[in-house]
Amino acid sequence: MPVSIDIIPFSGSLELYGEPDFSSAFSLAGHVSISLSSPSFMFQRRRSTTCALMQSLTVTFEGQSEMITPDIGYAPLRLCSITRELVNGEPVDLSNEGHEDSNKPCSWNVIFDIPVPGWLPTTSAYGDRNVVEAGTRYALYATATFIYLEDGSSSIFSSFCSPFGCRTHTINAPRCPVTLVRFAEVPSAPSSSSSISVFPMALFIVDAQLGKDDTETAIPPEVLKKIQVVASIPTAVTLDETSVPLILRLQGNELDASQRERLRITDFTVDVEQTETYRSTTSLDRVARFMVPPRTQQPPSLPLRNAHSVHTLYEIGLLMNPYPSKSTSTRSFSLFDPSNSGKYTISGDGRIFMNDSPEGDATTRSSSENWYVLEANVPLAPEPHQLDWAGLRGRRISENSPLFSVSHVMHIALRCVYEQPDGEVVSERLHFSLPMQHVRVAAPSIIPPADDRTIVGEIELHKSAPYSQSLPAYSQLFYSNGERKIDYSTPLPLYEPPPSASSSSSFTLDHSDDNRKSI
């Protein structure tokens, strides 16, 4: 075909920064390349001129989610569809006159810029591991309509061409996949000198719940209610981190002397759990929370542009949802290595609420408030180690989308041992859970060596990466209301007068110009 179009984005991936926000948008820019060439024929010594009249050119950014699980079957959803018309007004006359015999086609680039909603989930694969390419995907599509004119016809003739003599052709560009990646904004200042996390610590006042051990007699509830627990974990954990700092502060000021003597905290266990929730499109109340296209633009009313091949089997009835009334499916697993029990033993005899701390106890507590502090670095499994129907049990970022959600929770259990007045020893566990946020952070920018840099005037250009990719996102510079973000972590230098300055100011007139006229 003498005319072809291709989509060339400035980057194959779009980086989203910050939390998902329905009021924010990110720019996806590039250009559509239109190529025009002259076909060669066997008995033609010279190629003829190709003329075409481009009537329309549209580019569309579309996102889709497809869920395939053994129990809820197949569920498709169109996340977004944004179309931009690149030819406005009169049609555009294209011709390769003068370049008919060239081996390279004549090309025109039409620039586009599409605002991508900031709430969209990231590109990811999930669902049944036996079915590939299911999950959340995005792509660019372009469509152009042309009228091929007679050889050598001018633009004046093209305006009078008859619809009977010229036929409209529709040309589609090859699908151009686009990867959406979300990065969390890293604080400019570290959380603390002792913390191993790049994010600050979050404080939780815990309402611990009782969980009985295999004993008939439990600790009196009035004793356990007097135990105050405050927990601290980072506000976010990056996928590159292999451990999570945990700080537990315990206080028992309301316990009397006898209860402090009888009560012991011997150990505590920790577990980090990842829960993946898979949904079907029958969860209308769930899907309605997101700004997805209406049902008239959803399958089966309007099929997806690049639907999974399994959707045909469901449409013709060869495959059916095994449980039509079921709309959700979940899988939960620990992010610990199988060799990690998650148990931490407290040194000493466990009587942490006594006035005197145990001999040789490495933990610290504030004597003014009687807080007993426990610190631990909770290790996470560096690699997936188990496989099930949804694939490897690997770490994902915490996200929430119409058909797929991932959440993380840290479960903590304190083991309390109490000696009854009759001498019987009973045990109880105080359980509580802390919400976690697992995020992905952008790699720090690396300054290239001097050989890869070019200095033009006062502007330094890097050869290793395009200049547009080094620009920060809008959300990194400004708040949502347009106010500029100011980094207060770096204090301004203190004012110091110059060494030659005296206590009284003096001004010296410049008499170098003897020809000055006084006014």
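**Exercise 1. Determine how many residues separate β24 from β25 in their hairpin, and which turn residue has a positive phi.**

Solution. The hairpin formed by β24 and β25 has 5 residues between its strands. Within the turn, Gly423 shows a positive phi of about 95°. Strands here are DSSP runs of E with at least two residues, helices are runs of H or I with at least four residues, and both are numbered from the N terminus. This is a predicted model, in which local features need pLDDT of at least 70, side-chain atom pairs count only at pLDDT 80 or more, and totals for chains, interfaces and linings use all residues. Residues are numbered from 1 along each chain as its sequence is written, and side-chain values use heavy atoms, with hydrogens and water left out.

**Exercise 2. Identify the strands that pair with β24 and state how many bridges join each to β24.**

Solution. Two strands count as paired if DSSP finds at least two bridges between them.

1. Strand β17 (residues 263-279) runs antiparallel to β24 (residues 404-419), with 15 bridges joining them. Ile265 has Cys416 of β24 as its bridge partner.
2. Strand β25 (residues 425-436) pairs with β24 in the antiparallel sense over 12 bridges. Here His408 is placed opposite Met436 of β25.
3. Strand β23 (residues 399-400) is also antiparallel to β24, through 2 bridges. Glu399 faces Val406 of β24, and a hairpin of 3 residues connects β23 to β24.

**Exercise 3. Describe the second largest pocket by its volume and its lining.**

Solution. On a 1 Å grid over the protein atoms alone, a pocket is an open set of points where a 1.4 Å probe fits, with protein on both sides within 12 Å along at least five of seven lines; lining residues have an atom within 4 Å of a point.

1. The volume is about 730 Å³, taken as the space filled by probe spheres set on the points.
2. The lining comprises 29 residues, with Ala75, Pro76, Thr281, Pro299 and Pro300 nearest the centre.
3. At least two lining residues come from each of β5 (73-85), α4 (284-287) and α5 (310-315); β5 supplies the largest share, 4 residues.
4. By class, the lining has 19 nonpolar, 7 polar and 3 charged residues.

**Exercise 4. State the mean pLDDT of the protein chain and find where pLDDT stays under 50.**

Solution. The pLDDT is the predictor's confidence in each residue, from 0 to 100. Its mean over the protein chain is 81, and 76% of the residues reach 70 or more. The value stays under 50 over residues 456-469, which have 18 contacts (heavy atoms within 4.5 Å) beyond four places in sequence. Residues 501-519 are also below 50, with 2 contacts beyond near neighbours in sequence.

Technical notes:
Ala, Val, Leu, Ile, Met, Phe, Trp, Tyr, Cys and Pro count as nonpolar, Asp, Glu, Lys and Arg as charged, and the others, Gly among them, as polar.
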